[in-house]
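Let's take a friendly walk through a protein structure, one feature at a time.

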Amino acid sequence: MSSVAPRASAPANAAGEAAPDVPRFHAPFDWDEVDEVTRTLGTAVLTGLVEEEPLERFGREIDRWLDLHPDSALPDSGSPVYDTFMGRRTARLQGLLAKAPATADLIAHPGILGWARRLLAPVCDGVLLSAAEFIQIGPRESRQYTHRDSDAWWFAPRGPDPLCVNAMVALTPFDERNGATRVVPGSCLWPDGRRPMDREVVQPRLDPGDVLLFRADVFHGGGANRTPDRFRRGVALSYCAGWLRPLENSFLNLPRQVAAGVSDEVAELLGYRIHDSTGRGGGIIGTYEYGDPGRVLRD
Ligand SMILES: O=C(O)CCC(=O)C(=O)O
Ligand SMILES: [Fe+2]
């Protein structure tokens, strides 16, 4: 999830109204309502969506990986602007399936993936994982630049339906003190150039297993961590239209034997399947030697 540059010219928000709260849903989830709210307001919280078991397994696997690679997760892109955006006290990891196999259960979580597929259905014939990131905001981190992840696809028009959607899965509590994600409800439908004012930003509280859903064209950013000792840990999953270039390059981040070990559904999300619009008179994207890229995992 990464875009740094602001769009040129940002007229002030004349309306000056406070942001609506982020709606919270509880089990049993009313998925029609979740879809409607996230399509229009752009964001919602699903409480207790992800079960304890995969979360704890993921936590153990990632802790083991961090123990073995203690300096690997701090930003070192070579660009000071990008490193500041990523957070100098924030540990981040991509290529998660190779570091923590439990990531597969998060990426393919039926509640999260089903929601992503439904929201993206109007704009594609299949979805891709755009990125799966471990993001741990450390004590004394400052707040991240408020941005739209969709600005990474600068040249793609924004419309009523998103081209990419995000799910932030909480592994620890998220609150105003330790850097809960800041979101601006409704900003997905704002015209270009309008920037959020502070009073339009909300920071929903999350407990482990809660998931913050938001369209990638909703303004958001990591919060400041003002605690001396509490880490805010989450996994940020994003899914995009199958014809859009994902933010994370999973073909390079994941060794082929890792991709060969995941389910067909996860392999498809990683790009080992064509995006086929021939049924509607369109074409095919993502071929391997003119055919199904999934062959490279079977051969
Ligand atoms: O960590 C967060 O809460 C959000 C991070 C984010 O939006 C990003 O890195 O693009
Ligand atoms: Fe972001």
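## A covered helix

The buried residues of helix α6 are G111, I112, L113, G114, W115, A116, L119 and L120. With 8 of its 11 residues buried, this helix, which spans residues 110–120, is mostly covered. Here "buried" means under 20% relative accessible area, "exposed" means over 50%, and "partly exposed" lies in between, using a 1.4 Å probe and protein chains only. Helices (H or I, at least four residues) and strands (E, at least two) are DSSP runs, numbered from the N terminus. An α-helix has 3.6 residues a turn, so residues three or four places apart point the same way.

## Before going further

This is a predicted model, in which local features need pLDDT of at least 70 and side-chain atom pairs count only at pLDDT 80 or more, while totals for chains, interfaces and linings use all residues. Residues are numbered from 1 along each chain as its sequence is written, chains are lettered from A and ligands numbered from 1 in the order in which they are written, and side-chain values use heavy atoms, with hydrogens and water left out.

## The iron site

Which protein residues are donors of the iron ion (ligand 2)? They are H147 (NE2), D149 (OD) and H220 (NE2), lying 2.1 to 2.2 Å from the ion. Donors are N, O and S atoms within 2.8 Å of the metal (3.2 Å for Na, K and Ca); water is not among the atoms, so sites may look incomplete.

Along the chain, the donors of this iron ion follow the spacing H-x1-D-x70-H. D149, in the loop between β4 and β5, and H220, in strand β8 (residues 220–221), are 71 residues apart, so this pair links distant parts of the chain. D149 is buried, at 1% relative accessible area, and H220 is buried as well, at 2%.

## A buried arginine

Now find R148, in the loop between β4 (127–137) and β5 (164–170). Is R148 buried or exposed? R148 is buried, because its relative accessible area is 2%. A polar atom of its side chain lies 2.5 Å from the backbone oxygen of S187.

## Pockets and cavities

Rolling a probe the size of a water molecule over the atoms shows where empty space is left. On a 1 Å grid over the protein atoms alone, a cavity is a set of points where a 1.4 Å probe fits but cannot get out, and a pocket is an open set with protein on both sides within 12 Å along at least five of seven lines; lining residues have an atom within 4 Å of a point. Grid points are joined across faces, edges and corners, and a volume is the space filled by probe spheres set on the points.

The largest pocket holds about 650 Å³ of space. Of its 31 lining residues, L128, F251, L270, G271 and Y272 are the closest to its centre. The elements giving two or more residues to this lining are β4, α7 (250–253), α9 (264–270) and β10 (275–276). By class, the lining has 16 nonpolar, 8 polar and 7 charged residues; Ala, Val, Leu, Ile, Met, Phe, Trp, Tyr, Cys and Pro count as nonpolar, Asp, Glu, Lys and Arg as charged, and the others, Gly among them, as polar.

Most residues other than glycine have a negative phi, and most peptide bonds are trans. A cis peptide bond joins A27 and P28, with omega about -5 degrees. P28 is in the loop between β1 (24–25) and α1 (31–40).

R140 has a positive phi of about 70 degrees although it is not a glycine; this residue is exposed, at 54% relative accessibility. E289 also has a positive phi, near 50 degrees, and is exposed at 61%.

How many disulfides does the structure hold? It holds 0 disulfides, a disulfide being a pair of cysteine sulfur atoms within 2.5 Å. The closest cysteine sulfur to that of C124 is in C240, 8.4 Å away, which is too far for a bond. For C240, the closest is in C164, at 5.6 Å, also too far for a bond.

Definitions and conventions
Polar contact = N/O pair within 3.5 Å; in protein donor to acceptor, adjacent residues only side chain to side chain.
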